[in-house]
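Work through the exercises below with the sequence and the structure open. Try each task before reading its solution.

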Amino acid sequence: MKIKKILVANRGEIALRVLKTAKEMGIKVVTVYAEDDKALPHALFADESYSLGLGALSETYLNKNKLIEIAKKSQVDAIHPGYGFLSENADFARLVESSGFIFIGPTAESIVLMGDKIGSKNALEKIKIPMIPGYHGDDQSVENLAKKSKEIGFPVLIKASAGGGGKGMRIVHKEAELTEAIRGAKSEALKAFSNDKVLIEKYVVNPRHIEVQLMSDTHGNHLHFFERECSIQRRYQKIVEETPAPQMSQELRLKICETAVQISSGINYRGAGTIEFILAPDGHYYFLEMNTRLQVEHPVTEMVTGYDLVKFQILVAQGDKLSVKQSEIMQKGQAIECRIYAEDPDNDFMPSIGKIEKIGVPTLRDVRLDCGFLDGTEVGVNYDPMLAKLIVWGENREVAISKSIQSLDEVLFLGVKTNRDYLKRILGHKKFIAGQTHTHFIPDNKEDLAPKELAPAEIAAMIAGLCFNEQKPQSFQDKPGSVTNPWLELVGFRNV
Amino acid sequence: MEKKFILNGTDIVVKDFKQSAQSLTFNYEGKTYCFDLVTKEDHVVILDDGQKFKATVGSANKDGESIVMVKGREAKISYAGQRIKKHKTHAGGLTSPMPGKIFKILKELGSEVKKGEPILILEAMKMEHSICSDKDGKVKKISYKVGELVQSGVTLAEVE
């Protein structure tokens, strides 16, 4: 069946991302929006858009029944869940299919299998995928978890079994910290995923986070689109991602990618997926988790391989065969993504909110800004504080870094505090430039990443900016927003 | 003429300040700066100091502060005279760093707390933020209940 109309069950930049590809394919798009999002572009620029009302997320973007109702009313063929929200919710995937729509994603069985960190590890151990030492069992008592932690040896990592995005995750360096860490992890896990089951793992010192992009069709073709390096993280969330991974031999690269394909073919996966690995400094790598959806950072893969991953998602969802062969997929140049957040990196990454007065536009070639906001729209407390993703391609890594730093200057979000300057400090750091990345890069280089003092010339230029901005044309200053019609004035003149 | 500005909370004094519609000169830290206005539109001012550059200036907030961005650097700036005094922080008061919801209260009224010990947890932007005591003492006041929404800058608890 050919998909002619899609409902995007998401918001912001990812809803727009799906919209772009669908438009290219001649597919109509229906979007949804919570009332506090009604001025955002995803609510404005689709073929049709429907309100989800106002209230908690469970009433809006997570409201499965309301989404299905809208899908029926607007007569779509398929539903794209984006990332986050319901994208890895097996019940939703089942409901979509039982309601007669195509789910643009994997089967509910794959989501269940890979969504449970414990279940997925058990399944993958059977097909000889390298696993990190840990405890994934059902005895969740604090006593047992403490005993297992000691057996594995400190430091250990405690994390939510059903987790993602760093929620319910704790690193424990010594036994004394254990009880509080288990309690904290369980509490966060319960709140975020309605499930307080946690697992414990050996904690690798200075690991790199390497992931592999996969795409599978329903005809037994399982492809990889190479790796991404996503080690630069704050609060366990990625903020800089790139591909190809620097400082990695071609031999290791291919080995990791092949391991990832073993997983997708081993579980007979369908659609886009990502295998995340921990790469230890000695070259050993371990399966971390599988994300059964499109990733936030998928654009870097698109930039270096030249393929549209959303297009593949739609094609395989309608049952088409993947038209490319593994040998045709190549990495060309380097792509870097910077996640621009509404936050203050120099104040413990505190999220910020406010009205975006103006969004800057990147001007260099091969630069993409995936952004879900417009000038004049608000960043509120109800959603993730990511404002946009800046994705930059360069013929090599040096060029990509330099272009990224220049583009970060351009893409301002006037009105909200952002991490742009901080991202520039990361990209300009000598260890980043040398490709010496690992997941503690940010805390380990805290001092180097502190803000530089403004130079006197910069201060002078800021004063000049303020002084000239204050000067407003007289007529506008008197009557803000009013425009005088000269013909009316002329009429008035004649009547005097 | 001397003129004062406040940049990121610090006083900045410039001397020999002269401004016309199209140009501006002043002396800052012993150096004379000359800027010409090339063009201005919306929030963007194009200036020329021998090398053209763009300054982007946001609307002033209620404290009279504007965000100014030049060459990738951002700062909060205001005229020293215009700036309205900052919200005062109460002695011993722990204020909300951002708007959010009270997720959990960990300490009871009157209980002993150590400096750095969490008193309550604020939830905002899908994250939990611990509000920790700024000194050793007793919890004197907890201003909100679990589930209540709070604005940025309000006092959440007091320790004495």
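**Exercise 1. In which strand does Tyr285(A) lie, and is Tyr285(A) buried or exposed?**

Step 1. Tyr285(A) is part of strand β14 of chain A, which covers residues 285-291. Strands (E, at least two residues) and helices (H or I, at least four) are DSSP runs, numbered from the N terminus.

Step 2. The model is predicted: local features need pLDDT of at least 70, side-chain atom pairs count only at pLDDT 80 or more, and totals for chains, interfaces and linings use all residues. Residues are numbered from 1 along each chain as its sequence is written, while chains are lettered from A and ligands numbered from 1 in the order in which they are written.

Step 3. Count C-beta atoms, placed from the backbone: a residue with 20 or more others within 10 Å of its own is buried, one with 12 or fewer is exposed, and one in between is partly exposed. Tyr285(A) has 20 other C-beta atoms within 10 Å, so Tyr285(A) is buried.

Step 4. List the contacts (C-beta atoms, placed from the backbone, within 7 Å). Leaving aside neighbours within four places in sequence, Tyr285(A) touches Pro130(A), Ile210(A), Ile256(A), Phe277(A), Ile278(A) and Leu279(A).

Step 5. Compare sequence with space. Leu252(A) is 33 residues from Tyr285(A) in sequence, and their C-alpha atoms are 9.6 Å apart.

**Exercise 2. Where is Gly50(B), and is Gly50(B) buried or exposed?**

Step 1. Gly50(B) sits in the loop that joins β5 and β6 of chain B.

Step 2. With 7 other C-beta atoms within 10 Å, Gly50(B) is exposed.

Step 3. Ile105(B) is 55 residues away along the chain, and the C-alpha atoms of Gly50(B) and Ile105(B) are 58 Å apart.

**Exercise 3. How many residues of α10(A) and of α11(A) are buried?**

Step 1. Eight of the eight residues of α10(A) are buried, so α10(A) is largely enclosed by the rest of the structure. Among them are His298(A), Glu302(A) and Thr305(A).

Step 2. The buried residues include Leu309(A), Phe312(A) and Gln313(A).

Step 3. The cover over the buried residues of α11(A) includes α1, β4, β5, β10, β13 and α10 of chain A. Gly319(A) follows α11(A) and has a positive phi, near 95 degrees.

**Exercise 4. At what angle do α12(A) and α13(A) pack, and which residues meet?**

Step 1. Helix α12 (residues 397-410) and helix α13 (residues 420-427) of chain A pack at about 160 degrees, with axes 9 Å apart.

Step 2. Name the arrangement: under 35 degrees is roughly parallel, over 145 roughly antiparallel, 65 to 115 roughly perpendicular and the rest oblique. α12(A) and α13(A) are therefore roughly antiparallel.

Step 3. From α12(A), Ile401(A), Ser404(A), Ile405(A) and Leu408(A) meet Arg420(A), Leu423(A), Lys424(A) and Leu427(A) of α13(A). By class, this contact has five nonpolar, one polar and two charged residues. Here Ala, Val, Leu, Ile, Met, Phe, Trp, Tyr, Cys and Pro count as nonpolar, Asp, Glu, Lys and Arg as charged, and the others, Gly among them, as polar.

Step 4. Look at the spacing. An α-helix has 3.6 residues a turn, so residues three or four places apart point the same way.

**Exercise 5. How are α4(A) and α5(A) arranged?**

Step 1. Helix α4 (residues 90-98) and helix α5 (residues 108-115) of chain A pack at about 180 degrees, and their axes are 8 Å apart. That makes α4(A) roughly antiparallel to α5(A).

Step 2. Ala90(A), Ala93(A) and Arg94(A) of α4(A) meet Ala108(A), Ile111(A), Val112(A) and Gly115(A) of α5(A). The classes are five nonpolar, one polar and one charged.

**Exercise 6. How many residues of chain B are in contact with chain A?**

Step 1. 43 residues of chain B contact 31 residues of chain A.

Step 2. The elements of chain B that give two or more residues to this side include β1 (3-7), β2 (10-19) and β4 (31-41).

Step 3. By class, the side of chain B that touches chain A has 26 nonpolar, eight polar and nine charged residues.

Key. Axes fitted to C-alpha atoms, helices over the stretch in contact; angles between N-to-C directions. Contact = placed C-beta atoms within 7 Å.
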